[in-house]
Amino acid sequence: MMIAPVPEDDRYTPAEADAQLRAMSAADFVRARRYAEPLGSGLVDRCGDDLLHDAYLSLQSGERSWSRGMPAVVALFGAIKSMASNARKRQRKGAVDHTQG
């Protein structure tokens with residue numbers, strides 16, 4: 001099933017995204033970090049904190065966008081999950097033996 005793209009005016013601009021992310025509570029950041037931690041498990045070159053950081057920056061910069069009205073923590077969860085999935089796909093496709101020099 002294909003999901004229709006969200007129209008441009010129904011997404012946060014980078015400035016709005018930045019404001020939404022900055023308005024997140026400390027508890028939301030803790031939830032996001034706990035969500036990211038197991039998703040980073042097993043990745044060769046990344047950990048949960050890396051995923052959280054990259055997801056935050058991609059949403060803040062507008063590289064990734066999200067629908068107006070969606071809580072920032074939910075947008076972070078989606079971006080973290082997507083980035084972890086992409087990293088796993090890259091690992092499987094381009095397996096590198098780090099034990100041999």
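Helices here are DSSP runs of H or I with at least four residues, numbered from the N terminus.

Before going on, note that this is a predicted model, in which local features need pLDDT of at least 70 and side-chain atom pairs count only at pLDDT 80 or more, while totals for chains, interfaces and linings use all residues. Residues are numbered from 1 along each chain as its sequence is written, and side-chain values use heavy atoms, with hydrogens and water left out.

**Stop 1: around α3**

Keep α3 selected and colour its buried residues: Gly48, Leu51, Leu52, Ala55, Tyr56, Ser58, Leu59 and Gln60. Buried means under 20% relative accessible area, exposed means over 50%, and partly exposed lies in between (1.4 Å probe, protein chains only). Now show α1 (14–22), α2 (26–40) and α4 (72–93), which are among the elements covering those residues. Contact in this tour means heavy atoms within 4.5 Å. Step past the end of α3 to glycine 62, where phi is positive, near 90 degrees.

**Stop 2: the nonpolar core**

Next, select Leu21, Leu59, Trp66 and Leu76, the residues with the most contacts inside the largest nonpolar core, which has 22 residues. Two or more residues of this core come from each of α1, α2, α3 and α4, and α4 gives the largest share, nine residues. A nonpolar core is a set of buried Ala, Val, Leu, Ile, Met, Phe, Trp, Tyr and Cys residues joined through side-chain atoms within 4.5 Å. In soluble globular proteins, nonpolar side chains tend to be buried together.

Centre on leucine 76. Which residues does leucine 76 touch, leaving out those up to four places away in sequence? They are Leu21, Met24, Ala32, Leu52, Ala55, Tyr56 and Leu59.

**Stop 3: salt bridges**

The model has five salt bridges, counted when a side-chain nitrogen of Lys or Arg is within 4 Å of a carboxyl oxygen of Asp or Glu. Side chains of opposite charge can pair when their charged atoms come close.

Select glutamate 16 and arginine 68, whose side chains meet in a salt bridge (2.9 Å, N to O). This pair links distant parts of the chain, with glutamate 16 in helix α1 and arginine 68 in the loop between α3 and α4, 52 residues apart. Glutamate 16 is partly exposed at 28% relative accessible area, and arginine 68 is partly exposed at 38%.

Then select aspartate 18 and arginine 22, another salt bridge (2.9 Å, N to O). Both lie in helix α1, four residues apart, about one turn of the helix.

Finish in helix α2 with aspartate 28 and arginine 31, whose side chains meet in a salt bridge (2.6 Å, N to O). An α-helix has 3.6 residues a turn, so residues three or four places apart point the same way. Aspartate 28 is buried at 17% relative accessible area, and arginine 31 is partly exposed at 42%.
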